[in-house]
Amino acid sequence: MKAVRFHTYGGPDVLKVEEVEVPNPSIGQLRIVVRASGVNPIDLKLRSGHLHDMFPLLFPAGLGFDAAGIVDAIGDGVVGIAVGDAVFGKGHNTMAEYAILHEWALKPDTLSFAEAAGYPVAVETAMRIIEGLEVKSGDTMLVSGAAGGVGSAVLQLARAAGIRTIGTASEPKHAYLESMGAIPTTYGPGLPIRVARLAPDGVQAAVDIAGSGVIQDLVTITGNASKVVSISDINAADYGVRTLFDESDSTPALIRSGALFIAGAFTIPVEQVFKLEDIADAHILSARGHVTGRLIVIIDEQQSAGES
């Protein structure tokens, strides 16, 4: 099969499409024919070596955690799923024609493979943020870097739970944030003042998604470092702020997002799709940091981009 791999840390140019053996599922796993796979910021950090101290790689290394596709092999111990089912979920080395998933959910019929491939990491991270902050209905939460995939998921899962959100993004994206249920504001100097005007009764929690040096402002806004978390700033602990790097089981979040999608209350738009051989271009665009929604690699052009 074809798969994206790299043999050394470096820039996007180290990514190559190579022929490798098709993997086989182990106990509790599925193998899928991949229709689409999502590009995540962590992919760029792993490829560049930025996370080497935390997550050292063995080369050659694969790429990708998100995927949507058709089940074609089932490991021992797996129940409630059949060969031929359409699923979306998390695995490793999903930027390939076949991939092993260790967490999954049935894909709603009307959800395209392309959009579904952008859900797994985003919705798992979003649910982890909301649960980690212990926000509840009626609370106000500030989401710094709200227009990307994780931010989009946080805003919508929060809205469904009755949590009020304020989201930061550049001004052209404010209408998008409003469509996700958030009160928009710009990032940059003066953030605490702007947020105080939008939330005169205070902000109960805040999350740093973009890692843009806003931790001190978020602590000021909430008045308590324990009410702030970061998923991107490895120096957050210097301010007494928790980082949420450890993943949890994504299955509940996948099921929840699928149900909300069916109800018309959840979507993460696909900003742009790429071919497998254009993975470097996807990383270049992702690195610019202004993606609205998700970037997706289409593995099967004939069937993935518009098919549900």
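Residues are numbered from 1 along each chain as its sequence is written, and side-chain values use heavy atoms, with hydrogens and water left out. Because the model is predicted, local features need pLDDT of at least 70 and side-chain atom pairs count only at pLDDT 80 or more, whereas totals for chains, interfaces and linings use all residues.

Helices (H or I, at least four residues) and strands (E, at least two) are DSSP runs, numbered from the N terminus. Two strands are taken to pair if DSSP finds at least two bridges between them. An open sheet of 3 strands shows antiparallel pairing in the order β2-β1-β4. Its edge strands, β2 (16-19) and β4 (61-62), each pair on one side only. Strand β1 (residues 2-6) runs antiparallel to β4 and is joined to it by 2 bridges; in β4, A61 is the bridge partner of F6.

Antiparallel pairing links β3 to strand β5 (residues 66-74) over 6 bridges, and I32 stands opposite V71 of β5. With strand β7 (residues 98-106), β3 pairs in the antiparallel sense over 4 bridges; here Y98 is the bridge partner of V33. Strand β15 (residues 294-298) is also antiparallel to β3 and is joined to it by 4 bridges, with S37 opposite V297. In general, strands of a sheet pair through backbone hydrogen bonds, either parallel or antiparallel.

A nonpolar core is a set of buried Ala, Val, Leu, Ile, Met, Phe, Trp, Tyr and Cys residues joined through side-chain atoms within 4.5 Å. The largest such core has 49 residues, of which I129 and M141 touch the most other members. Helix α3 supplies the largest share of this core, 7 residues. Apart from it lies another core, of 29 residues, including V14, V34, V87 and V291. Contact means heavy atoms within 4.5 Å. When neighbours within four places in sequence are left aside, I129 is in contact with V150, V154, V207, I209, V229, I231 and L244.

T165 belongs to strand β9 (residues 164-168) and is buried, with a relative accessible area of 1%. Not counting residues up to four places away in sequence, T165 touches M141, L155, A158, G181, A182 and I183. The C-alpha atoms of T165 and V203 are separated by 9.2 Å, although these residues are 38 residues apart along the chain.

Two helix contacts were also examined. Axes are lines fitted to C-alpha atoms, for helices over the stretch in contact, and angles between N-to-C directions run from 0 to 180 degrees. The axes of α3 (residues 120-133) and α8 (residues 251-262) come within 8 Å and cross at roughly 105°. The two helices are therefore roughly perpendicular to each other (65 to 115 degrees; under 35 is roughly parallel, over 145 roughly antiparallel and the rest oblique). P120, V123, E124 and M127 of α3 meet P252, A253, L254, R256 and S257 of α8. These residues divide into 6 nonpolar, 1 polar and 2 charged (Ala, Val, Leu, Ile, Met, Phe, Trp, Tyr, Cys and Pro count as nonpolar, Asp, Glu, Lys and Arg as charged, and the others, Gly among them, as polar). The axes of α1 (residues 41-48) and α9 (residues 279-287) come within 10 Å and cross at roughly 105°, which makes α1 roughly perpendicular to α9.

Terms used
Buried < 20%, exposed > 50% of the residue type's maximum accessible area, 1.4 Å probe, protein only.
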